[in-house]
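Please open the structure in your viewer and keep the selection panel at hand. The stops below are intended to be followed in order.

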Amino acid sequence: MRKIALPLLFLCISLATYPSKAFGQQKEIDWISFEELDTRLDQDQKKVLIYFYTDWCTYCRKMEKEVFTNPEIVDLINNQYLAVKFDAESKENVVLDGTTFRNTGPDNALNKSLHELAVLLALNHGQFTPPVIIILESDFSLNARYLEYLHSEKLKKILAS
């Protein structure tokens, strides 16, 4: 009996602690990188949603926890958009259409420098205040920029238009 009970106990614990998304109960946004975007646009002529965030941004974490987990929003984004999630303070080099974008600024204890893509796309009067959502047409022309936290209902209306 012990030979059966112990493995059964481990199986029950494993299943209880296994993330619910493995069983199809939670959907996720199919975030891609800028490099993947370059390739995917050749195959799929969807609009583009770019989400700029930082690790220290409270509203970014709130959007990721409350808004980007909303099943309706996940479906809208995954079905109608190519979605890029990018840390505005990333040190990663990004090559888009043959041009390399970098973050060459120095970091210090109080401030991290911004990536060139965040400077190019997400500044508002010379300031970067995350979260920032940019919607582009499939030809990369600007559709809209949102330089604020967007709650679920507001983002649903934006995505559906």
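The coordinates to be inspected belong to a predicted model.

**First stop: strand β2.** Select residues 47-53, which form strand β2. Six of the seven residues in β2 are buried.

**Second stop: Ser90.** Move to Ser90, located in the loop that lies between β3 and β4 (94-96). Is Ser90 buried or exposed? Ser90 counts as buried because its relative accessibility is 12%, below the 20% cut-off. Display its side chain: a polar atom there lies 3.0 Å from the backbone nitrogen of Glu92. Beyond the neighbours within four places in sequence, Ser90 is in contact with Asn103 and His115.

Select residues 71-80 for α4 and residues 152-160 for α6; their axes come within 10 Å and cross at roughly 25 degrees. Angles under 35 degrees count as roughly parallel, so α4 is roughly parallel to α6. The crossing of these two helices, α4 and α6, is left-handed. To view the contact itself, show the side chains of Glu72, Ile73, Leu76, Ile77 and Gln80 in α4, which meet Ser152, Leu155, Lys156 and Leu159 in α6.

Terms used: Residues are numbered from 1 along each chain as its sequence is written. This is a predicted model: local features need pLDDT of at least 70, side-chain atom pairs count only at pLDDT 80 or more; totals for chains, interfaces and linings use all residues. Side-chain values use heavy atoms; hydrogens and water are left out. Buried means under 20% relative accessible area, exposed over 50%, partly exposed in between (1.4 Å probe, protein chains only). Helices (H or I, at least four residues) and strands (E, at least two) are DSSP runs, numbered from the N terminus. A polar contact is a pair of N or O atoms within 3.5 Å; within protein, one must be able to donate a hydrogen and the other to accept it, and residues adjacent in sequence count only if both atoms are side-chain atoms. Contact means heavy atoms within 4.5 Å. Axes are lines fitted to C-alpha atoms, for helices over the stretch in contact, and angles run from 0 to 180 degrees between N-to-C directions. Angles under 35 degrees count as roughly parallel, over 145 as roughly antiparallel, 65 to 115 as roughly perpendicular and the rest as oblique. A crossing is left-handed if the near helix is turned anticlockwise from the far one by less than a right angle, and right-handed if clockwise.
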